[in-house]
Amino acid sequence: MSITNNGGAANRLRVKSVEQSIRDSDEPDSKLRKDLTAWDLTIFGVAVVVGAGIFTLTARTAGNVAGPSVSLAFVFAAVACGLTALCYAEFASTVPVAGSAYTFSYATFGEFVAWIIGWDLILEFALAVSVVAKGWSQYLGSVLGGISTTVSLGGIRFDWGAVLLIAVLCVLLAIGTKISSRVSAIAVAIKLGVIALVIAVGLAYFDIGNLSPYIPPSETGEGDTGIHQSLFSWLTGAGNSTFGWYGLLAAASLVFFAFIGFDVVATTAEETKNPQRDIPRGILGSLAIVTVLYVAVALILTGMVSYKELQGTDATLATAFALNGVTWAEKIISVGALAGLTTVVMVLYLGQTRVLFAMSRDGLLPRKLAHTGRHGTPVRLTVIVGIACAVLAGFVDMGALEEMVNIGTLFAFVLVAVGVIILRRTRPDLPRGFRVPWVPVVPVLAVLACLWLMVNLSIETWIRFVVWMALGLLVYFVYSRRHSLLGKQLSATTADVELRNDPA
């Protein structure tokens, strides 16, 4: 017989209580050191969100999709992102344990969904680290005077610049998150200084006439076809138009991905001194800062030159300065991008190790991987992740796989938003350091915003995502389900209750 109705449901769904998650975080052999403050978390948030996108994505989106209204697209994207950030803030202050969306899902949907989201996050972070490291390598070559950061090894191209970055960050993250935060603070200061210089110099060439028309008339674009077109384009046949209101909304989908990464802050909840207070401050504070920066740079860029001069695939922020005769800006912008990408890779790398750490501690991956060293960090996982990402970044041409990062992130966002509604109903008694206002309206809006952004991704990305998740299901049923600590505990409890009720 089942223990109770609730117990039977827990056994079927394997829902891990919030209290159990918090108790597990106190195990001596797998305990993370609490070193971080709200200031550290805000730095991490700004570090991972403000990358090279501010120097490249803004110009390309303005020239090819939205025109001057790209600044409004950033606002729309920030609203969508902010709705999800509120949900992350509540969860992280309620369940201050490593693992982010994986841990939150375990406490609401149960082990199966938690595994799916954990497997999804593995894909998101591993690809993101590798893709951004390759971008960093390209900027390194530019800063060093055009030196190539790739060499040919027996006909295979090897990106030594990307591997070098990952190796250095592996050492820093193994030493401790506090020193990683200090390195991030220095890099963030550099890139914010470059952005401030860009804004100050750009104002001297600002012409408000370039902002008119703010939303250019709609145009029919050629766009992609077949599985390379967006799911929305395939469903409606209207996805290839640019500019106008549709272009503005499409631009919001594109620039949304410049905000991706703030959720990594939630993965450090277990290493935060006062997570109930500091996690919400770190998430929302960093999001507010980067939104202001993105909108300011977008306005300056489209005010310096006509958006028509930014059309094409090679336009960057430096293009606007070059058109105004400020040729020295390209080198400065490259330095800012280099600093920006350094911190992006570092924080994404950190997020990857913490998700895997949480999954290993729960037995869904080998438990030995959750061991922490004398610095209070999961050194084994840090090294394993570093090797895997170095191989991907060093030898694999990532290409279209970049969009896989986006779909994985948005899928996690949807589950976190829904999870807030569920946990409010199932555990209204839990102390919450931060509460999402107007539940369920805000979480529902967050879900709708994320789903809208997901359908703007290509059909090819959706197919790859489904294949990756199918592989994850195979791993779960072959290994993880049988080794789950929660599953073993629930089975032992059920067997004990049955024995006591039926001693014969």
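**Surface first, then inward**

I started with V379: at 32% relative accessibility, V379 counts as partly exposed. I'm working on a predicted model here, so I keep that in mind throughout. V379 sits in helix α15.

**Whole chain**

The chain has 19 helices and four strands. Of its 504 residues, 58% are buried. The chain exposes about 20,000 Å², and carbon and sulfur atoms supply 66% of that. I also looked at contacts between residues at least 6 apart in sequence: 83% of them join residues at least 24 apart.

One pair I checked by hand was L445 and T84. They are 361 residues apart in sequence, yet the C-alpha to C-alpha distance is 8.8 Å. L445 is placed in helix α17 (residues 441-455), and at 41% relative accessibility L445 counts as partly exposed.

**Core**

In soluble globular proteins, nonpolar side chains tend to be buried together. I looked for that here and got a largest nonpolar core of 159 residues. The residues with the most contacts inside it are F74, Y88, Y102, F256, F259, F321 and L348.

I picked Y102 to follow up. Leaving aside neighbours within four places in sequence, Y102 is in contact with A114, W115, I117, G118, L121, A358, M359, D362 and L364.

**Charges**

I searched the whole structure and got 11 salt bridges. In the K16 to D24 bridge, the closest N and O atoms are 2.7 Å apart. Both K16 and D24 are buried.

Next I took R354 and E271, a salt bridge with closest N and O atoms 2.8 Å apart. This pair links distant parts of the chain, 83 residues apart: R354 is in helix α14 (residues 329-361), and E271 is in the loop between α11 (244-255) and α12 (275-304). R354 has 1% relative accessibility, so it counts as buried. E271 is buried too, with a relative accessible area of 1%.

E460 and R464 gave me a bridge with closest N and O atoms 3.2 Å apart. Why are they about one helical turn apart? Because they are four residues apart in helix α18 (residues 459-483). E460 is at 16% relative accessibility and so counts as buried, while R464 is partly exposed at 29%.

E124 is in helix α7 (residues 111-143). It is buried yet has no salt bridge. How far away is the nearest side chain of opposite charge? That is R354, at 15 Å. So what does E124 touch? Leaving aside neighbours within four places in sequence, I get contacts with D263, V405, G408 and T409.

Note on methods: Residues are numbered from 1 along each chain as its sequence is written. This is a predicted model: local features need pLDDT of at least 70, side-chain atom pairs count only at pLDDT 80 or more; totals for chains, interfaces and linings use all residues. Side-chain values use heavy atoms; hydrogens and water are left out. Helices (H or I, at least four residues) and strands (E, at least two) are DSSP runs, numbered from the N terminus. Buried means under 20% relative accessible area, exposed over 50%, partly exposed in between (1.4 Å probe, protein chains only). A nonpolar core is a set of buried Ala, Val, Leu, Ile, Met, Phe, Trp, Tyr and Cys residues joined through side-chain atoms within 4.5 Å. Contact means heavy atoms within 4.5 Å. Accessible areas come from the Shrake-Rupley method with a 1.4 Å probe; for residues, only the protein chains shown count as cover. Lys and Arg count as positive and Asp and Glu as negative; His and the chain ends are not counted. A salt bridge is a side-chain nitrogen of Lys or Arg within 4 Å of a carboxyl oxygen of Asp or Glu.
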